[in-house]
Protein chains: 4
Amino acid sequence: MLRVAIVGASGYIGGELLRLLHGHPRVTVVAATSDRLAGRRVDGPHPNLRGLTDLCFIGHDALEGVDADVLFLAAPHRETMERMAGFLELAGTVIDLSGDFRLRDPEIYASYYGVPHRAPQLIPEFTTGLPEWHRDRLVTSDRIAVPGCMATAGILAVRPMADAGLIEGTVHVDARTGSSGSGVSGGPAAAHAERSGALRVFAPSRHRHEAEIAQATRHTVRMSATGVEAVRGVQVLCRATLAPGVGERDVRSAFRKAYADEPFVRVIAQRQGLYRLPEPKILTGSNFCDVGFAVSADDGTVLLIGALDNLVKGGAGGAVQCLNVRFGWPERTGLEFPGLHPN
Amino acid sequence: MLRVAIVGASGYIGGELLRLLHGHPRVTVVAATSDRLAGRRVDGPHPNLRGLTDLCFIGHDALEGVDADVLFLAAPHRETMERMAGFLELAGTVIDLSGDFRLRDPEIYASYYGVPHRAPQLIPEFTTGLPEWHRDRLVTSDRIAVPGCMATAGILAVRPMADAGLIEGTVHVDARTGSSGSGVSGGPAAAHAERSGALRVFAPSRHRHEAEIAQATRHTVRMSATGVEAVRGVQVLCRATLAPGVGERDVRSAFRKAYADEPFVRVIAQRQGLYRLPEPKILTGSNFCDVGFAVSADDGTVLLIGALDNLVKGGAGGAVQCLNVRFGWPERTGLEFPGLHPN
Amino acid sequence: MLRVAIVGASGYIGGELLRLLHGHPRVTVVAATSDRLAGRRVDGPHPNLRGLTDLCFIGHDALEGVDADVLFLAAPHRETMERMAGFLELAGTVIDLSGDFRLRDPEIYASYYGVPHRAPQLIPEFTTGLPEWHRDRLVTSDRIAVPGCMATAGILAVRPMADAGLIEGTVHVDARTGSSGSGVSGGPAAAHAERSGALRVFAPSRHRHEAEIAQATRHTVRMSATGVEAVRGVQVLCRATLAPGVGERDVRSAFRKAYADEPFVRVIAQRQGLYRLPEPKILTGSNFCDVGFAVSADDGTVLLIGALDNLVKGGAGGAVQCLNVRFGWPERTGLEFPGLHPN
Amino acid sequence: MLRVAIVGASGYIGGELLRLLHGHPRVTVVAATSDRLAGRRVDGPHPNLRGLTDLCFIGHDALEGVDADVLFLAAPHRETMERMAGFLELAGTVIDLSGDFRLRDPEIYASYYGVPHRAPQLIPEFTTGLPEWHRDRLVTSDRIAVPGCMATAGILAVRPMADAGLIEGTVHVDARTGSSGSGVSGGPAAAHAERSGALRVFAPSRHRHEAEIAQATRHTVRMSATGVEAVRGVQVLCRATLAPGVGERDVRSAFRKAYADEPFVRVIAQRQGLYRLPEPKILTGSNFCDVGFAVSADDGTVLLIGALDNLVKGGAGGAVQCLNVRFGWPERTGLEFPGLHPN
């Protein structure tokens, strides 16, 4: 059994890591850190784990005494880059879920995060934790940076078209997200009476995940992000201009080619039916990212759509998928839950 | 125009008072206090008021300089009883929305609120702010204590039966409430990701409003309170044993008699239809309390149901209704909004 | 009192007309038609009206015997154009809420509605029922076509910029709508278990309201429409390219100029706060359309946002506002409800 | 591999059976019937199964040609009892999810279902499909009747107290349920705009599951059932009078004793915390039934609470658990999903 430790395990991503790794037959969680809850049971903040584990949190300082093969980092950005050098000494493999090592260019990082990068020399060591596009490198990578939730949906929706040269110009992304993306300490903005039923355009532009989609697709991306009524779930609507002569058949073919053998990407673009395009509500708890498209023949644009559970494929599940790739296990291991309908 | 001041105007009840009094043709709001937001516009925390008013909050200390005929108190309990003597000097009429002057017996207060009452000598001066049962006294009363939201629904549902001697023994109340009842500072328990979709039995017994229903109906009351998925809205299901020989006709008659001329109580007990029994979702924003019943002939019990908007009929609207009664205005003044369907 | 009849009064728009007109001091509703519910009380399908009215539906055939000054049409499209000639003989003023007389060009109508227009000769007689842009003509118009819900939000959000020449090129609109927009007979697609929590891209392109926004703004419009978790409410996010040299100050100025004296349009574009941009949740039941903007200085685009209640400002309320304009009454008459917070 | 067929597989319970059995290592689904959808893929009405199976529905008539070891029946009541004799000839083991064989007494059946039982001679052949109380008989039973969703929650919450003689008299049950309990063809009552945010007391008394709880606990049960805002989830609040001298310690002990070794029942009765009592929102998709209690020492009553996912532990999951028991497999097989938090 591989020995795994989770840093920042009291948050929502940490909780999902605990849930998924508990059901993973090849690993055992040897430590879960939280300064705030050190000594308390992990099933306190994560009540879905009651009856499954007796694990308790340890403080961050106690991490040094832990013998772990893999470290999952679910700590805040900024803090992560400042402590990364130390983390890398603690375990052979580090899988980071913060935003700090996703962007390859420290200046773009500074522009989107508002602070200079504190460990730019470490950035090149990290591989993007998106098996669909980086599987070959992930097999041997011991520093993995899992993309953001909206970035994952956006990249998986847009990149087949971008890589095949089927679209041109700026991609306009309308991203929607549930409340769990704000984490456990959302403050007054997260209060139910305010957040319930919201259509809150919390980032009309310059959301950080925009930079990740641009980096991966090599297109200019303009993204707005809206908080919608949901706890989990991300959906992105990406409108792009088709290259001359490109039609629906080309689009479908590009998607099929890109994802034919992918275990966690389904191409959903049907002519009719309630769920003819990707929708996150049936993906809750699942590691699927559904992607789809709708071509507007009359004006030569295409709407590319991606949907996922931000805490699973857009977070903890994506990280576990990387773990499976890294250690040569079947990629679906521990990630078999298909999602629910109705839900 | 009557001059009105609101103490504790940054909360949800305070916001509803501002909304209702803004649309009231006989009053003008001369002051709204909030220590935290002193100097800021009231349409900051109450964005539905944008474009309607330029009023700004004042600090509590500035209240002394305000010339008001009526004081609405939307301050926390404990603080209210400690400061009540001072409030009574500031205006001729005081309408209190806290829990401090609702219970007539200071010992019951101490038992339910966990602290001794600090101003027991003032309790007898207060009239219960429920026009349906205390209209005669309210006409001349200058100290009014508006009942709690669940208490209002429970009293209006149960009292016609209790007063007519149609029920016997303990009344079991199952109360459900939306998230706005917790106020603006709900803390982690109020976070959307936790509160969304909840069926949280936050008070399996001994909820404070239980004591108010018992006081008004003179029956033993056992109440549980559950937070449900809603921002506004209270519904109570009250099961009682019918007195010997009592049938559906008697029940209906008692309700009709009690509420035939009431402007804000509708008796809803139909044989069929989606809304055949009271439901808060169509009462949002309205001052109606819908009450209804379902008799179980085979076992001699009756289910008495009440529904209302906790911030309106169960709070600010009830208080404005008392104001109308006290000053001899048509009781519906400023309270005409009927509620929405669908909603 | 003006005598008003409502055709198609059992639907959601019909119910809102009944609610608003009941509270309107200058009109009396003399008839409400529904073939399906003829002879039944209007407060059956519209339970929020219980206690306010004893009106019953009449069949469509009985309409001929009704003496009405104004006819509100809330009937389906197609049926409306086929019967319009007859409707125009029944009352001096006709206010139509269907889609049939909104588009000036019958060919565009045919393209978006999939059927040829059956009464193209009547189209020029109709004035667009949007007082913000057509008030002068509405004062004397007796044939009024109220725009679609998403169209109203889109036009009010985009037109100040378009008219002032501040934007260029295609406008990309991402529209979101609640479930009440589908009407009372939504079928399986409307079932709660399927529709709840949905992010259903039901029209990735070619939504009919797209054509209305294009007609009003004279820009090419590309719109997608998504059903979101809400009963009421529409929000549109419209991204456009700023003309050279245009900055935030110009944008704000254009909005201020367009709407400074408008009773039902508020410009919401603040630097911070939970409700710094337009959001429909605080507009439920209100006739406000909130519009706002966010300029992306770095890439010269602007996000124009509109929000409203689809059954009020985007339907029945807009129609009543037109009535007020037509008959020279204060425009807010019967439309004073400001909306709720929290909600 | 055991060969399994599902009758009535296009409904929500049928979909959950498909989901759970797809992930079950010991069985293969050889047929899924639906007259309406015969020949169509099962992942049409069950979109969460896309990518997992290519199975298509067959018509009911084609069932005779199917070679199955086990038949799951997810057909409507009435129809089920009329066809049961035929079903029993098709497979060695029949697991029925309808209401027709749950009640032992045909007269009670007739009283609650409004029709006489058509196959009373078959009732004694069925074992109640609740392993927690009937495991010994289920090991050898080939006719299994899975209890209703609210009945399962109610029985698991009340029976430990009833069997130990710790409560007396009538048990008052307040049951709450999500919209999926009404099935796929809910009609107008199920429309999102009507059902959203509902607190619909659809059965103030005489709900059919009441009879099941009474049968299992041998207490008189008075139950009301309310539809709440949720797709999945059932919660029951059961208030009972404690027998003389019974205190919290006895209650806790009875629960611990009853469920210490149960794989799918967790006793949740904590002093504090957001999830200190059972709540269905963290059980979505899981086969857990959480049960808990709150003793009111001052008046000698106890609130017994049960929560579950109506389509899993209250339906398809309970049925699969019975399958595991019947065939001697580890009881958790195929039912490992623990539920999600936040959700």
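A:His60 counts as buried, at 16% relative accessibility. The cut-off explains the label, because buried means under 20% relative accessible area. The model described here is predicted.

A:His60 sits in a loop of chain A. This loop runs between strand 2 (27–32) and strand 3 (70–73). Beyond its neighbours within four places in sequence, A:His60 is in contact with A:Val7, A:Gly8, A:Thr33, A:Ser34, A:Asp35 and A:Arg83. A:His60 was also compared with A:Met1. In sequence, 59 residues separate A:His60 from A:Met1. In space, their C-alpha atoms are 23 Å apart.

A second residue of chain A, A:Cys149, carries a record annotation. The unreviewed UniProt entry marks A:Cys149 as "active site". Such annotations may be inferred rather than shown by experiment. A:Cys149 belongs to helix 5 of chain A, which spans residues 149–163. The relative accessible area of A:Cys149 is 13%, so A:Cys149 is buried. Its contacts, leaving aside neighbours within four places in sequence, are A:His209, A:Val234, A:Leu308, A:Asn310 and A:Gly314.

In chain D, seven strands build an open sheet. Their order is 8-9-7-10-13-12-11, and the pairing is mixed. Strand 8 (200–203) and strand 11 (265–267) of chain D stand at the edges. Each has a single partner strand, so one side of each is left without a neighbour in the sheet. From one strand to the next, the twist averages 25°.

Within this sheet, strand 7 of chain D pairs with strand 10 of chain D. Strand 7 covers residues 167–177, and strand 10 covers residues 234–242. The two run antiparallel and are joined by eight bridges. D:Glu168 has D:Thr241 as its bridge partner in strand 10 of chain D.

Two copies of a chain are related by a rotation about an axis and a shift along it. Here, chain D is superposed on chain A by a rotation of 180°, with 0.0 Å of shift along the axis. The RMSD is 0.0 Å. That is the relation of a two-fold axis. In chain D, the C-alpha nearest the axis belongs to D:Phe337, at 3.7 Å from it.

The interface was examined in the two copies. Of the interface residues of chain D, 100% are also interface residues in chain A. The copies therefore meet through the same surface.

Key: Residues numbered from 1 in each chain as written. Chains lettered and ligands numbered in written order. Predicted model: local features only at pLDDT ≥ 70, side-chain atom pairs only at ≥ 80, totals over all residues. Heavy atoms only, no water. Pairing = 2+ DSSP bridges. Helix = DSSP H or I, 4+ residues; strand = E, 2+ residues; numbered from the N terminus. Axes fitted to C-alpha atoms, helices over the stretch in contact; angles between N-to-C directions. Buried < 20%, exposed > 50% of the residue type's maximum accessible area, 1.4 Å probe, protein only. Contact = heavy atoms within 4.5 Å. Least-squares fit on C-alpha atoms with pLDDT ≥ 70 in both.
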